[in-house]
Amino acid sequence: MTVDHVPARPPAADVAAAALPADPDAARRALARVAAATSALLDDLGEPADRSPQQRAEAAAAVDAARALRAAFMDAHAEAVYDELTDHRSRHLRIAELVREAEARFPGLVPTAEQLAAERRRAQSHKEGHEIDQGIFFSRVLRSPTAGAHLLDAMLRPTPSALALLPEFTRTGTVRLPSVTAERRGAVTHLTMCREDSLNAEDDRQVDDMETAVDLVLLDPATEVGVLRGGVMSHPRYRGRRVFSAGINLKALHGGGISLVDFLLRRELGYLHKLIRGVRPEGAADWRRSTVDKPWVAVVDGFAIGGGAQLLLLFDHVIAASDAYVSLPAAQEGIIPGVANFRLTRSVGPRLARQVILEGRRVHASEPAARLLVDEVHEPAALDAAVAESAERLRGTAVLANRRMLNLAEEPVDQFRAYMAEFALQQALRLYDADVLDKVGRFSAASAGKAAPARG
């Protein structure tokens, strides 16, 4: 499709005046024209950090109008778009593959590879915010019961890296990735998060490694139970001590290194969802069940902050050291703590959930409220024995069938899909809100001269 020629500097009012035709093909062409006009305007205005207040207002008006058109287009045609991208759902594309197809087949619907590459070179506060367009796209795909369900299914399939490493892991029982190691001991595989310099603060790299490791546990025929624990840290403040997770890496976020697709959405739709549903193996489906799932144990040393706390809500059994604590400070940082808003109320009730998410309350393992989040609390020296006993209990023959039914009752797939549809958009918007950029910037400035755990 050829995009009509547009002037190098269209007035924002002309972009805002664009209307979406009823005819799908005409609407597709109109969207491409408006997107091209908006891109030309942004290029003409120069780098976002160098724009005057008037230029920023002009850019914002044009961008907002283009986004309204994208949203309207997807509201009307999401299922048709998804069917075209996946060849009528005959291909199972992961989210990164899906947006690449959308870029190629629907000009202007999502950011181009060149636009995203330019964004990665900018600090978060200096970006154009093209990821919001990705948020619009995924929110509409996930809202569709047909397209959204197909996408969730695609995201449960094993990653190419896991399939490549599986023969080695099944043979040796050990795989070492940059941010997590997998070691099988008997019928139990232990995953150890080993970002020792950053307190296991998550970024795109760790999400990639964690999904690979979770896939290996699920696909390995000799593994019956998975255990997740933080390793020993080299971070100055916690050197020589185990730490579970400090949440999102705010330094990476400020530097523009936390992406919507490869971190925020992939994390939730990928390895976190696999912890609940399991992995969908390649090849012919087993008529008995469509996924391979296994029980999981989490072990909390030190703290489970932000994304670490979100993880605990997915595990069948959680063991904590007596001096550990759990917190979800995402609202204080200005972002949404993943699917915790959906899952935490189910676990602890609405009052405590609001205290933790909205007010930043820490829940210490030593207080009674912690029993709503963890199953056992032990002195640090007793954790290894507690883990072994728990894993042995979860090897029971009826455990798998019952955990499937519990997960189905507690978190129906359609409810998860509907939550993720709204999350995709709202989290994208939060990433570029002024208060988030200000808070992340102040955090980075404060932490530049001292060691402090990442939070999120």
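Strands S2 and S3 pair in the antiparallel sense, over six bridges. Strands here are DSSP runs of E with at least two residues, helices are runs of H or I with at least four, and both are numbered from the N terminus. Two strands count as paired if DSSP finds at least two bridges between them. This is a predicted model, in which local features need pLDDT of at least 70 and side-chain atom pairs count only at pLDDT 80 or more, while totals for chains, interfaces and linings use all residues. Residues are numbered from 1 along each chain as its sequence is written, and side-chain values use heavy atoms, with hydrogens and water left out.

Back to the two strands. Arg184 stands opposite Thr189 in S3. S2 and S3 form a hairpin with two residues between them, and Gly186 in that turn has a positive phi of about 70 degrees.

S2 also has S1 as a partner. Three bridges join S1, residues 174-176, to S2, residues 180-185, and these strands run antiparallel. The bridge partner of Arg176 in S2 is Thr181. S1 and S2 form a hairpin as well, with three residues between them.

Arg195 lies in the loop between S3 (188-193) and helix H9 (204-219). Is Arg195 buried or exposed? Arg195 is buried, with a relative accessible area of 15%. Buried means under 20% relative accessible area, exposed means over 50%, and partly exposed is in between, with a 1.4 Å probe and protein chains only. Leaving aside neighbours within four places in sequence, Arg195 is in contact (heavy atoms within 4.5 Å) with residues including Pro178, Ser179 and Met233. Asn200, Asp203, Arg205 and Gln206 are also among the contacts of Arg195.

Leu199 lies in that loop between S3 and H9 too. Leu199 is buried, with a relative accessible area of 0%.

Now to backbone angles. Most residues other than glycine have a negative phi. Leu199 has a positive phi of about 60 degrees although it is not a glycine. Arg89 is not a glycine either, and has a positive phi of about 65 degrees. Where is Arg89? Its place is in the loop between helix H3 (53-85) and helix H4 (95-105). Arg89 is partly exposed, with a relative accessible area of 35%.

Another sheet. Three strands form an open sheet in the order S6-S8-S9, with mixed pairing. Strands S6 (303-305) and S9 (363-364) stand at the edges with a single partner strand each, so one side of each is left without a neighbour in the sheet. S6 and S8, residues 325-327, pair in the parallel sense over three bridges. Tyr325 in S8 is the bridge partner of Phe303.

Finally, the whole chain. How many helices and strands does the protein chain have? There are 19 helices and 10 strands. The radius of gyration of the chain is 23 Å, close to the 23 Å that the globule rule gives for 456 residues, so the chain is as compact as a globular protein of that length. That radius is taken over C-alpha atoms, and the rule is 2.2 Å times the number of residues to the power 0.38. Along its principal axes the C-alpha trace spans about 70 × 55 × 40 Å. Of the 456 residues, 56% count as buried. Among contacts between residues at least 6 apart in sequence, 73% join residues at least 24 apart.
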